[in-house]
Amino acid sequence: MNYRTLGWPVRHRSPRAFAAYLALMFPLSVACAYAGTSLNAASLSAEIKANGAGTVFAELSQGDKWDEFLKNVETGHAQWLQIAVQLGPASDQAASTLLTVAAGVALAKAASQVLSILVPTFPVEEVCGLPDVSDLRFATKAKASRYLDARVAAVTRLTQPTIADRKSACLKALEQAKQIIAAPDGPFP
């Protein structure tokens with residue numbers, strides 16, 4: 001049998017040899033799926049369905065695409081939040097923390113979607129908790145306070161009865177975060 005791979009002819013004597021060849025090439029094809037291109041939610045979701053969240057997370061988190069993915073989650077668009085839910089259980093502790101921080105950023109932009117899609121995969125107390133004060137966007141008491149006020153305003157506007165319990169828990173966590181930010185022994189002098 002003759003096949004063309006990456007423009008080169010490949011000759012295999014049996015279907016078993018071809019299957020072995022594909023098994024060796026699969027990791028390369030997954031890595032190439034993210035190299036040098038912008039992430040696409042539909043493609044990434046299809047990749048997760050085809051290859052599993054663990055495989056996709058491993059490839060995505062090792063490259064420069066992880067930051068791009070987190071920025072997409074921060075937009076609050078439903079498709080990116082759903083992918084975060086799919087990747088959440090496959091992620092390690094550090095990546096889970098970054099996903100939770102990205103979810104918190106998305107809260108100010110799309111509170112309804114964040115609370116209905118991401119919670120309970122990501123705990124409401126963490127999504128609605130303290131911002132990452134090492135992030136330059138929240139690195140001062142004033143910036144962190146403005147950020148928390150924007151999140152409180154977004155969550156307060158929610159009216160869906162289906163997420164009323166999550167809204168209440170989120171507002172409680174946001175108020176606690178505001179108290180910690182304002183406290184004299186808080187993260188800011």
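Leaving aside neighbours within four places in sequence, Leu-115 is in contact (heavy atoms within 4.5 Å) with Leu-107, Val-124, Cys-128, Val-155, Leu-158, Ile-163, Arg-166, Lys-167 and Cys-170. The model is a predicted one, in which local features need pLDDT of at least 70 and side-chain atom pairs count only at pLDDT 80 or more, while totals for chains, interfaces and linings use all residues. Residues are numbered from 1 along each chain as its sequence is written, and side-chain values use heavy atoms, with hydrogens and water left out.

Two of these partners, Cys-128 and Cys-170, form a disulfide with their sulfur atoms 2.0 Å apart; the term denotes a pair of cysteine sulfur atoms within 2.5 Å. A search of the whole structure finds one disulfide. The torsion about the S-S bond of Cys-128 and Cys-170 is about -100°, so the disulfide is left-handed. The pair links distant parts of the chain, 42 residues apart: Cys-128 lies in the loop between helix 8 (124–127) and helix 9, and Cys-170 in helix 10 (residues 164–182). Helices here are DSSP runs (H or I, at least four residues), numbered from the N terminus. Both Cys-128 and Cys-170 are buried, that is, under 20% relative accessible area with a 1.4 Å probe, protein chains only.

Conventions: Helix = DSSP H or I, 4+ residues; strand = E, 2+ residues; numbered from the N terminus. Buried < 20%, exposed > 50% of the residue type's maximum accessible area, 1.4 Å probe, protein only.
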